[in-house]
Amino acid sequence: MHSIGNLAPDNNEFVLKFLLFASYAYAYPVLRPLEAELWRRGYECAWLLKPTCPDMLAPGEQRLAGYDEAIAYGPDAVLSPNIMVPDFLPGIKVMVFHGYPINKRSRKVDNHFRMRGWYDIFCTAGESSTPTFRMLEQKLGYFRVYETGWPKADAYFAPAVRRLCEERLRDTERVPTVLVASTFSRGITSMSEFLPEIERMASTRPWRWVITLHPKLRDPSVIEGCKRLAKEHENVVFKPVLDGVEDMARTDVMLCDSSSIIVEYMFLDKPVVTMRNATPGPHLLNVLSASDIEGALERALTRPEPLMEAMRAYSLRQEAHRDGHNAARVIDAVEDYQKRWQGRLPHKPLNLFRKLRLRWQLRRWYPIHF
């Protein structure tokens, strides 16, 4: 891992152009803090959206029409939360991640740490990620690791959000509100089992429910089930995409399975109930059957201290940086890499099969870089 000094962006030592590469809607809350920091430093940046990513850009945000335009744009660095980033795009490839390493598939080696040869920089967040990536850096040598913190996490520790959480906790007259989320992975997602229980409790409990979906969850029966519940029950709200962290701050407990959104919710100092979580522990109230969800939610709403202490320790292991400057550290890392390492490391793996497959999918031949 490499330390980052403040390279004083106002001294014009660097003149950089950045590309924000997004494949799914979850990329926006990861990349927008970086965009704001780039604007603050006076750097130029533009977005490249894959067809799988909905266009949620505002009028003031620069969008590029496709890969050819992105190549012509000539970025010095590409910031991406995706597993893959096209090798033929110019610039330093920077992995900023779309979640934390929670090993939701219970593999011997977490997919979070699978090296595919696309990136020059990995921006890690804390004890759960940095040591493993540092070991891989020493072993493989073609990339550098910087512990910056996750850019999306900055929003959870903003003073306004903390005040909102504290005010909600002090409001003893509030109606308990459950945030329901799920992963998209087949065989792991539990949303289809959650819905009947939510429907039953929506009729028998005075609780409110906010249901959201992972951008990759496309099961039409689940989507229609969520819409129907919201239509038939006044205390159920369906938000396929949350408006922001404030939506989460206005709830009291989460019901989930094995999604990394669990960690994000814990940043708000709120408990989580899971069903058949892939890596359960004392930081969760995990149940094995849908019939046990109601009791677990009742207990979670009491915020038992052993649960809360374990939850805080677990979330701190995932995200060590809570000062609101994670996005700034990511840009510092790019500046440091450009100054100290660019062009001085071994070549990335040729990765020929993946690169050829990408070009086949695009039906377009681009030069192969490594």
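Predicted model: local features only at pLDDT ≥ 70, side-chain atom pairs only at ≥ 80, totals over all residues.
## A strand on the inside

Five of the six residues of β1 are buried, so this strand is largely enclosed by the rest of the structure. Here buried means under 20% relative accessible area, exposed means over 50%, and partly exposed lies in between, with a 1.4 Å probe and protein chains only.

Residues are numbered from 1 along each chain as its sequence is written, and side-chain values use heavy atoms, with hydrogens and water left out.

## The protein as a whole

The protein has twelve helices and 13 strands. Its radius of gyration is 21 Å, close to the 21 Å that the globule rule gives for 370 residues, so the protein is as compact as a globular protein of that length. That radius is taken over C-alpha atoms, and the rule is 2.2 Å times the number of residues to the power 0.38. Along the principal axes, the C-alpha atoms fill a box of roughly 65 × 45 × 45 Å.

How many of the 370 residues count as buried? The share is 55%. The protein exposes about 16,800 Å², and carbon and sulfur atoms supply 53% of that area; accessible areas come from the Shrake-Rupley method with a 1.4 Å probe. Of the contacts between residues at least 6 apart in sequence, 67% join residues at least 24 apart, where contact means heavy atoms within 4.5 Å.

## The seven-stranded sheet

Seven strands form an open sheet with parallel pairing, in the order β3-β2-β1-β4-β5-β6-β7. At the edges stand β3 (63–64) and β7 (144–147), each with a single partner strand, so one side of each is left without a neighbour in the sheet. Two strands count as paired if DSSP finds at least two bridges between them. Strands of a sheet pair through backbone hydrogen bonds, either parallel or antiparallel.

Let's walk through some of the pairs. β1 and β2 are joined in the parallel sense over six bridges; L20 stands opposite W47 in β2, and F18 has C45 as its bridge partner in β2. To get from β1 to β2, the chain passes through helix α1 (residues 28–41), a β-α-β crossover that is right-handed: with the strands pointing away from the viewer, the path from the first strand over the helix to the second runs clockwise. β1 also pairs with β4 in the parallel sense, over three bridges, and there F18 stands opposite A77. Strand β2 (residues 44–49) pairs with β3 over two bridges, again parallel. W47 stands opposite R63 in β3, and L48 stands opposite L64.

## Helices against the sheet

Helix α3 (residues 130–140) lies across β6 (121–124) and β7, running at about 160 degrees to β7. Helix α11 (residues 326–340) also packs on the sheet, touching β1 (17–22), β4 (77–80), β5 (92–95), β6 and β7, and its direction makes about 150 degrees with that of β7. These angles run from 0 to 180 degrees between N-to-C directions, using axes fitted to C-alpha atoms, for helices over the stretch in contact.

Where does R276 lie? R276 is in the loop between β12 (272–275) and β13 (285–287). With a relative accessible area of 37%, R276 is partly exposed. Leaving aside neighbours within four places in sequence, R276 is in contact with E193, S258, N286, V287 and L288. R276 and D257 are 19 residues apart in sequence and 6.4 Å apart in space, C-alpha to C-alpha.

Most residues other than glycine have a negative phi. D269, in the loop between α8 (261–266) and β12, has a positive phi near 60 degrees. D269 counts as partly exposed, at 21% relative accessibility. R303 has a positive phi near 50 degrees and is found in the loop between α9 (293–301) and α10 (305–318).

Note on methods:
Helix = DSSP H or I, 4+ residues; strand = E, 2+ residues; numbered from the N terminus.
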